[in-house]
Amino acid sequence: MSGAPKIAVRGLKKAFGDNVVLDGLDLDVGVGESVVVIGGSGTGKSVLVKCIMGLMEPDSGSVKIDGKEVTGLSRGEREKAMQKFGMLFQGSALFDSLRVWQNVAFGLIQGHGMGQAEAKEVALKTMGAVGLDPEVGELWPAELSGGMQKRVGLARAIASKPEIIIFDEPTTGLDPIMGDVINNLIVECVRKLGATAVSITHDMASAHKIADRIAMIYKGKIIWQGAAKSIDQSGNPYVDQFIHGRAEGPIQMEIRAL
Amino acid sequence: MNFLGRIGRVFLGFCTGTGRLTLFTFNGVSHCFRPPIYFKLIGKQFLDIGYYSLPVVGLTAIFIGMVLALQLHTGFSRLTGGESAIAQVVVLGMTRELGPVIAALMVAGRIGASIAAEIGTMRVTDQIDALSTLSTNPYKYLVAPRLLAAVVALPCLVLIADIIGVFGGFLMASYKFGFNPSAYLQNTADFLQTDDVVSGLIKSAVFGFIIALMGCYHGYNSRGGAQGVGAATTHAVVSASVMILMFDYILSALLFSS
């Protein structure tokens, strides 16, 4: 990583009642870098990206994008900061009241004030880049399979050429082949745009494929980070247990007493 | 002590709820007047709330008008000369009270529920977060158009309900009780004052606001999947109905206090 980080997270804390989800988390993401955050379910991965994007306000700590603090912004300023972001949601989160192409063009029309015709053209071109035919544009999101919806979600996230793209569990719920297709598309799109990417996943195949760097989150902190290739020799027992998917090890699944 | 604690918790819950609703209302209303204003969405909502509610509201209004005349005819027959007051009581009851309240309650069931279910589903499937990531304010895109459309649509509906209701009374009086039709209409027209209709329309605008606000508020704050959306829908309809009757009293007291 060279120069000032694109995203700098410092001492991020977030708790829901007594449940501490993020406990003073630090993370840097360099310009044009692809960082994958791995960790078990309920370890705060989603909360982390929501705090980075400003969808959730942290209890304390700071998030800087391009050196500019983004926590505690007013709604108007946040909307401006949002324009740098694109996000692929776990369940794709397509607007089911709009046709596929309108979904892809949404950010262009609403956020960037582009005209309908021009936005449709860009939308269809973006859909082509993720392997969707123009005819798909006239369908409704509910008519698509899970993998197709992911592609549309990806197209929507990259249509306005964001500087930072967030991928929330991009391969969850897809078959391994479709998962790999999506991984390839992510790598290709991020490279082509030169964007900075933050992904969260617990799918190690996906992490290996899309990450320059991997960071592991456990109990609200980053406990290990390093180059994606070095993760197999991390020497960290927590990481080893996670990437090999063993039930025995230092990470104990906490089963909450009712 | 436990008992006191419970009371305190309920009270605190009430306070946070009220505060949240107030903030939500302020946000929603302020976005009604700040550009960009989505005229297309307002039109779509107006069609949904106003036009498609016509059959339901019309049917209820005609039966209410008819049953009102029927009850008055049998009830007033105990008074000497009481029957001649039927035309006046029907028109007064419909325009001042029954038209606005019945129409509002029907629309609360039809529209309040659908708003809460739609926005609630958007919430639990991350579509509202997706709006934010595409630089679109959910208050402006989802809440403001519904508030504006409902405030305009309800008075239109009520005006039509008034006419249909009075017509229902007229049908009963002239065909069932053998009143002179032209005399009945003359009585109605002579007795009716502008204030009667206008007060009903003012009330109905407030009712429209309540219906849309409750639908949006409960939908926006729903969580926890299908069950959460179901609960949001119930809350939206019940709270809107109760508030309609409450505000009906308050507004009547205010409007006719002199």
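Guide: Asp28(A) counts as partly exposed because 19 C-beta neighbours lie inside 10 Å. On this scale a residue is buried with 20 or more other C-beta atoms within 10 Å of its own, exposed with 12 or fewer, and partly exposed in between, the C-beta atoms being placed from the backbone. The structure is a predicted model, in which local features need pLDDT of at least 70 and side-chain atom pairs count only at pLDDT 80 or more, whereas totals for chains, interfaces and linings use all residues. Residues are numbered from 1 along each chain as its sequence is written, while chains are lettered from A and ligands numbered from 1 in the order in which they are written.

Asp28(A) belongs to strand S2 (residues 19-29) of chain A; helices (H or I, at least four residues) and strands (E, at least two) are DSSP runs, numbered from the N terminus. Arg10(A) is 18 residues away from Asp28(A) along the chain, and 8.5 Å separates their C-alpha atoms.

S2(A) takes part in an open sheet of four strands, ordered S2-S1-S4-S5 in chain A with antiparallel pairing. The edges of that sheet are S2 and strand S5 (68-69) of chain A; each has a single partner strand, so one side of each lacks a neighbour in the sheet. Strands count as paired if DSSP finds at least two bridges between them. Within the sheet, five bridges join strand S1 (residues 7-16) to strand S4 (residues 60-65) of chain A in the antiparallel sense, and Val9(A) stands opposite Val63(A) in S4(A). Helix H1 (residues 45-53) of chain A lies across S1, S2 and S4 of chain A and runs at about 120° to S1(A). Such angles run from 0 to 180 degrees between N-to-C directions, and the axes are lines fitted to C-alpha atoms, for helices over the stretch in contact.

Elsewhere in chain A, strand S3 (residues 34-38) pairs with S9(A) in the parallel sense over four bridges, with Ile38(A) opposite Met216(A) in S9(A). S9(A) is largely enclosed by the rest of the structure, because five of its six residues are buried. S9(A) also runs antiparallel to S10(A), joined by six bridges, and Tyr218(A) stands opposite Lys221(A) in S10(A). These two strands form a hairpin with two residues between them. Most residues other than glycine have a negative phi. Lys219(A) is partly exposed, as 15 other C-beta atoms lie within 10 Å.

Chain B has a positive phi of this kind as well: Ser135(B), a residue other than glycine, has a phi near 55°. Ser135(B) lies in the loop between helix H5 (127-133) and helix H6 (138-176) of chain B. With 22 other C-beta atoms within 10 Å, Ser135(B) is buried.

Chain B as a whole contains nine helices and zero strands. Of its 258 residues, 45% count as buried, and its C-alpha atoms fill a box of roughly 65 × 55 × 35 Å along the principal axes.

The axes of H6(B) and helix H7 (residues 181-191) of chain B come within 10 Å and cross at roughly 145°. Val166(B), Phe170(B), Ala173(B) and Ser174(B) in H6(B) meet Pro181(B), Tyr184(B), Leu185(B) and Thr188(B) in H7(B); residues are in contact if their C-beta atoms, placed from the backbone, lie within 7 Å. By class, this contact has six nonpolar, two polar and no charged residues. Ala, Val, Leu, Ile, Met, Phe, Trp, Tyr, Cys and Pro count as nonpolar, Asp, Glu, Lys and Arg as charged, and the others, Gly among them, as polar.

Further along chain B, the buried residues of H9(B) include Val229(B), Ala232(B), His235(B) and Ile244(B). The buried residues of H9(B) pack against helix H4 (86-124) and helix H8 (194-220) of chain B.

Finally, the two chains meet: eleven residues of chain B are in contact with 16 residues of chain A. The side of chain B that touches chain A has two nonpolar, seven polar and two charged residues.
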